[in-house]
Amino acid sequence: MTLDVSRALQQPGEQFPFSVAMADAEKNGETDRFPDEVDVRGVRADGIFVGGGDTVFVRGRARAEVLSKCARCLADVTKTIETPVHEVYGTDADPDDPERRRLEGYEVDLTDAVYSALALSLPIRFLCREDCKGLCTVCGADLNEGPCGHESDA
Ligand SMILES: [Zn+2]
Ligand SMILES: [Zn+2]
């Protein structure tokens, strides 16, 4: 997903709002960033960009719907994650400098910035609810639906 920042380069200091929708992680070829059982959809980014000389600053937020399985009972879990995206793009950026991304012509590519921010903000594990009782280790029953008779052994 690229952003046309030509206006910002022509009008330094002025803030330009943006709001973009991105393809799902799978369509974008970004699945390597996420665990296999995690599906990332409905990716959006919005915020502002400001130009100054040959540099563009992007300040915004990335948001996505994340589908996964409960770590305890394996039920489907959907969560919305939201994370800040603060990036600096420059025409003189060193490709090896992760703090400063490359500005190509009049466009900045937000894809990497947005997906890496989302990957970093993933919860360590997904739970369908905080007090999920999980599955019985003996018979595999979903203990959220009631006792199966094995819990006294635990
Ligand atoms: Zn659960
Ligand atoms: Zn049981």
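Let's start with the hairpin of β4 and β5, where six residues sit between the strands and Leu74 takes a positive phi near 70°. Strands here, like helices, are DSSP runs numbered from the N terminus (E, at least two residues, for a strand; H or I, at least four, for a helix). This is a predicted model, so bear in mind that local features need pLDDT of at least 70, side-chain atom pairs count only at pLDDT 80 or more, and totals for chains, interfaces and linings use all residues. Residues are numbered from 1 along each chain as its sequence is written, with chains lettered from A and ligands numbered from 1 in the order in which they are written.

Back to Leu74. You'll find Leu74 in the loop between β4 and β5. Leu74 counts as partly exposed because it has 14 C-beta neighbours inside 10 Å. The scale goes like this: 20 or more other C-beta atoms within 10 Å of a residue's own makes it buried, 12 or fewer makes it exposed, and in between is partly exposed, with C-beta atoms placed from the backbone.

β4 covers residues 55–69 and β5 covers residues 76–90, and they pair in the antiparallel sense over 15 bridges. To count as a pair, two strands need at least two bridges found by DSSP. If you want a spot to look at, Gly60 stands opposite Val85 in β5.

And how does β5 pair with β6? Those two run in the parallel sense, over two bridges, with β6 being residues 101–102. Tyr89 stands opposite Arg101 in β6, and Gly90 has Arg102 as its bridge partner there.

Which residues of α2 are buried? In this helix, residues 111–120, they are Ala113, Val114, Tyr115, Ala117 and Leu118. Their cover includes β2 (15–22), β3 (39–52), β4, β5 and β6. Contact here means C-beta atoms, placed from the backbone, within 7 Å.

One quick stop at the loop between β2 and β3, where Lys27 is found. Lys27 is exposed, because it has 11 other C-beta atoms within 10 Å. Its C-alpha atom is 9.8 Å from that of Arg41, 14 residues apart along the chain.

Zooming out, the protein has two helices and seven strands, running β-α-β-β-β-β-β-β-α from the N terminus. Its radius of gyration, taken over C-alpha atoms, is 21 Å, while a compact globule of 154 residues would be near 15 Å, by the rule of 2.2 Å times the number of residues to the power 0.38. The C-alpha atoms fill a box of roughly 70 × 30 × 25 Å along the principal axes, and 19% of the 154 residues count as buried.

Conventions. Two residues are in contact if their C-beta atoms, placed from the backbone, lie within 7 Å.
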